[in-house]
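Reader: I have not seen this one before. Can you take me through it?

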Amino acid sequence: MKELSLKDTEMFDLVNIPIIVLERNTTGKVVYKTQNNRACELFELSREDVIGRSVNEVHPGRLGKLAYERHQLAMNSSAPSRYQVPVTIDDCIYQIETTLQPILAANGQVVQLIGTCREVCAEQAVQTLQIDAQALESEVEQFVNLAAHDLRAPMRNVNALTGMLKDGFQDLGDGKLEIINMLEKVTSSTLKLIGDVLKHANGKRQQCNSCTVEFDLQPVFMEIMTMLDPMHKVDAHSANGLFKGDATVTQIVLRNLIDNAIKHNRDNKLCLCLSVLKDKAPDGFYQLRLTDNGSGFPDPSTAFLDSARESIDQGGFGLLGVQRLVKSRGGTISAENLDSGGAAITFTLPGQLLDRANVAPAAEPIEDDEEMQLFRKTG
């Protein structure tokens, strides 16, 4: 097939699907030769905005870089290729699938790429999700089950050692007994969580409905903060509400998101707020939003892409694991940086809000108990 000239590509304007034409420039970079009117409308970019520029120059950031890598691979191969990336248009995120068809010279070398673009509609996304859900759920359940088993034995040992320290301990009023009591509380809460996770995994294997229970959001949040922030260094707030759903999955998601926020916090005091978005939740789901004042995400649109897998490899469940856990239940999860600083993660899980939740962004703070107040005075 001969190389297309600009005059040849004018006929693409008669086609009501977005079309792009790519080629190598004199420096070897893959750049836009042109795009048709429908592509201009979809991406809200004129031909002058793209001609002679690469996709990562037109769409800077991680997504543009990923798309450019695909363009390079397609230019170096004689086979058609296809890829998907989320694209932000008018503050809305669209999943765009691009199919690249190479045009070959007489010597078999790729001289141009003809790309057709389409938005992956919600129905197609659901169908894809249904196909992948079983495999994703199996992978996540296996990971969580193994992790819970691995953690239970050492946590029992820590709990036993804490009991040995407390047995016969003479309180000198220097705060050491309060620290031991705090350690005992953390290990007890962690063992309870591990037991809930194992019970949840067994229930899933037996295909029962025991995982759907009624639970209060604020106590779940407080249990997590007891485990992750026993010194109460984080300014933590949670809305309240009675829910019917999978309490264990909700706790696992929140615990990993909170742990991620604490781990990546900058030097200033971290503030966390968990709120209920009851008016925006789709039917059959409840929606929660966790915000913080930390450093935010380098690129929120890629926070849950497969490129985040290294967080699992480094020993944590990771944002990718959280995403898979949520999606395996048919839920959604997204991240964004806030104009005021920090980040927000919003997710949905199947279930329902049973009472009127406090949806104010700052609910009642988690107060110190008497034990912690005494520790603050003595420590």
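Author: What follows covers the aromatic rings, then a hairpin. This is a predicted model, where local features need pLDDT of at least 70, side-chain atom pairs count only at pLDDT 80 or more, and totals for chains, interfaces and linings use all residues. Residues are numbered from 1 along each chain as its sequence is written, and side-chain values use heavy atoms, with hydrogens and water left out.

Reader: How many aromatic pairs does the structure hold?

Author: Three. Rings of Phe, Tyr and Trp (its six-membered ring) pair if their centres lie within 6.5 Å; planes under 30 degrees apart are stacked, over 60 edge-to-face, the rest tilted. One of the pairs is F215 with F243, stacked at 5.8 Å centre to centre and 20 degrees between the planes.

Reader: Where do F215 and F243 sit?

Author: F215 is in strand 6 and F243 in strand 8, 28 residues apart. Strands (E, at least two residues) are DSSP runs, numbered from the N terminus.

Reader: And F215 with Y286, what kind of pair is that?

Author: Edge-to-face, with 6.3 Å between centres and 70 degrees between planes. Y286 lies in strand 10, so this pair ties together parts that are 71 residues apart in sequence.

Reader: Are F215 and Y286 buried or exposed?

Author: Both are buried, meaning under 20% relative accessible area. F215 has 7%.

Reader: New topic. Which way do strands 11 and 12 run?

Author: Antiparallel, joined by five bridges; strands pair if DSSP finds at least two bridges between them. They form a hairpin with five residues between them, and G341 in the turn has a positive phi of about 105 degrees.

Key:
Helices (H or I, at least four residues) and strands (E, at least two) are DSSP runs, numbered from the N terminus. Buried means under 20% relative accessible area, exposed over 50%, partly exposed in between (1.4 Å probe, protein chains only).
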